[in-house]
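Thank you all for making time this morning.

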Amino acid sequence: MFFDKVLVANRGEIACRVLRTCRDLGLATVAVYSDADADAPHVAAADEAVRLGPAPPAESYLKVAAVIEAARRTGAQAIHPGYGFLAENAAFVEACEAAGLVFIGPRAETVRAMGDKASARRLMAERGVPVVPGYDGEDQRDETLMAAALTVGYPLLVKASAGGGGKGMNVVRRPEDLGDALAQARRLAKAAFGDDRLILEKYVALPRHVEVQILGDRHGQVVHVFERECSVQRRFQKIIEESPSPALDDALRARLCEAGVTAGQALGYQGAGTVEFILDATGAFYFLEVNTRLQVEHPVTEAITGLDLVAWQIKVACGGRLPPQDAIARKGHAMECRLYAEDPGGGFLPATGRLLEWAPPEGPGVRVDAGVVEGSEVGIHYDPLLAKLITHGPDRDTALWRMLGALRRLGCQGVTTNRDFLVAVLRHPAFRAGTYTTHFIPDHLGGWAPQVRPAILGRRAVAATLFEVLAGQGRGPVPGLRPGWRNNPFGPEQREWLVGEQRLRIPYRATDGAGGFEVILDGRALAARAHREGDRGLALELSGVTRRFVVVVDGNRRLVRDADGQSVLVAAPRFPEAEAIDDMGGCVAPMPGKVVRVLVAPEQTVAKGQALVILEAMKMEQMLQAPHAGTVTDVRCEEGAQVDAGAVLVVVEAEAE
Ligand code: ADP
């Protein structure tokens, strides 16, 4: 079995990651793509690329015949399926074999047996691998399932036998709810998987999801590559994984990994696979399922062992031999965070948009597997996983600090992501202590909503303002003002920003020509010093502290990022608001209107608050008052005149101080 050209039948971060190892090994590479992905990074990363069809997966990445044809046209001899799409599709494995192509993964028979939770449970139970107490029989009549449920006990889980990705899973707490739950699960399972068979499992209390990475070769050897802890889940789907699991001691780890190897041996496993277990508070563990593919979270295993799992998949597919178990050692601690385009404050619904900034973090012990580049369009057709951040260190604290640091440095703007939510998880005492279960998110972060402290938001507004002033894009003086007009220390120079419902007004004035400013933030005058760093960078010193900002200009939006996170500021329409005009001391028309009366004349001295002009606007009369005592030096309006918003009506020179 020899090949030197591999087609990667996938997209996004996993296609990029598999292509990287292929290239490292010197293999020629072929990418496939849908119309939505013609310019995607995985296409650019391969030697050759073949279009499969339109954007919907059923018309492109899931089309077996089109993928096989792409391999034939390019002369690829092997196919790596990544994860998702065709990775666990036994018919695809058979189609590859029928076309004389090597499928880089387990045998069709293994994929088929493990694609069915009922048969997987039965096989494992026969081999002495502990399975969750439950029902996995062929008899699917309601009365059989209800009788079985009484033996299993409540609460229990109803699962689709053909299920995956947490779909069709339902917790049932009382016998009287089982009938409805069965009907609902059948409907869901039929729609999602075309197969309505169900299994029942005892709902394990305080569960942790711990899985064992296994590798098998074609010579009958199966080894484990330790475990991964994957209990931080939302909607039964993982978002943070780590290895080693904080829940295991060495003895339990040895037993669990041994069970993983037993499962692999029972299957005559070839390639990379994952045996998933659920662990309860007493340290008892139960088999859940085998995923017959590379997992999203495989990089944590690579980080602690130094192995390249994709390279091993390829080597065993070529007939290579695995190293002996005792040659596989682990070192330190690794974590992975999945960066999703989704809204954690809005039920984790997927988000779409264009990535206007993409600047992955670098540093010791930091790896980023990304499927996007700056400018990528994140659409609706595919999984919203943008990238994975993986950190490694000599111990858990170091891996955790490095992860927080990586998230802090990550530049990812333009699309809503779960970044701040990931930070909230990592900082939570239960996560830091390593004592979390699969209920961690609903228990501790159920009502989580993105929040920005007012001081942080205020600084971002100052950064957006001064970024623009330095770029020379700022608003010029109000039309009609004489240069050097100093009616008010802050004059009319200001920018106004909207963040959601909030309005932030930043009056400012240059104090020198070298980046020195005075700004008003929350009614307080602050000394600021700003200078641009490259196209998007701004260093801003405010009250003696210098911070760095990235400002991305997108139409009237400013995407402002600093070490605390990011905000989207929308430039407020430049229509001066009555409130904004206050700074200019009643000398300017706050809105379009008609001058009803002019109450002062040039050279006249006025007291602070003295009426200057009466304006009729929006069917109301409004009195404009002198902002300070001084002398009227100019009257620029006449009674009966129609004036625009922002027009200077009277100039009052302040008394010398
Ligand atoms: P899927 O194949 O849909 O991903 P799994 O069987 O792998 O479903 O389970 C997904 C997640 O659901 C697990 O990681 C765990 O959090 C939870 N889960 C599954 N089975 C049980 C159980 N018997 N008791 C408690 N939680 C469970």
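Which domains does the domain assignment of the chain give? It gives domain 1 (5-104), domain 2 (133-202), domain 3 (209-444), domain 4 (454-571) and domain 5 (586-654). Please keep in mind throughout that this is a predicted model. To give a sense of the layout, the C-alpha centres of domain 3 and domain 5 lie 67 Å apart.

The largest nonpolar core has 71 residues, and the members that touch the most others are V232, I240, L426, F431 and F440. This core draws at least three residues from each of domain 1 and domain 3. There is also a second, separate core of 28 residues, which includes A55, A71, A76 and V93.

Next, R293, whose place is in the loop between β14 (285-291) and α10 (298-305). Is R293 buried or exposed? Its relative accessibility is 17%, and because buried means under 20%, R293 counts as buried. Its side chain and that of E88 are joined by a polar contact of 2.7 Å. Apart from neighbours within four places in sequence, the residues in contact with R293 are G82, Y83, G84, A87, E88, Y269, A272 and G273.

The buried ones are H298, P299, V300, T301, E302, I304 and T305. Just after α10 comes G306, which takes a positive phi of about 75°.

Now for the barrel. How many strands does the closed barrel have? There are eight, running β24-β25-β26-β27-β28-β29-β30-β31, and their pairing is antiparallel. On average, and with direction ignored, neighbouring strands of this sheet are turned by 35° against each other. Looking at one pair, strand β30 (residues 557-562) is joined to strand β31 (residues 565-571) by six bridges, and R558 stands opposite L569 in β31. Helix α16 (residues 454-470) lies across the strands β24 to β31, and runs at about 50° to β25.

Strand β25 also holds R503, which, at 39% relative accessibility, counts as partly exposed. The side chains of R503 and E496 are joined by a polar contact of 2.7 Å. For a sense of distance along and across the chain, R503 and T352 are 151 residues apart in sequence and, from C-alpha to C-alpha, 26 Å apart in space.

One last stop, at N170, which is found in strand β8 (residues 170-172). Its side chain and that of Q184 are joined by a polar contact of 2.8 Å. Setting aside neighbours within four places in sequence, N170 is in contact with L156, L157, V158, A181 and Q184.

That is the end of the walk, and I am happy to go back to any part of it on the screen.

Definitions and conventions:
Residues numbered from 1 in each chain as written. Predicted model: local features only at pLDDT ≥ 70, side-chain atom pairs only at ≥ 80, totals over all residues. Heavy atoms only, no water. Domains from an automatic or database assignment. Core = buried A, V, L, I, M, F, W, Y, C linked by side-chain atoms within 4.5 Å. Buried < 20%, exposed > 50% of the residue type's maximum accessible area, 1.4 Å probe, protein only. Pairing = 2+ DSSP bridges. Helix = DSSP H or I, 4+ residues; strand = E, 2+ residues; numbered from the N terminus. Axes fitted to C-alpha atoms, helices over the stretch in contact; angles between N-to-C directions. Contact = heavy atoms within 4.5 Å. Polar contact = N/O pair within 3.5 Å; in protein donor to acceptor, adjacent residues only side chain to side chain.
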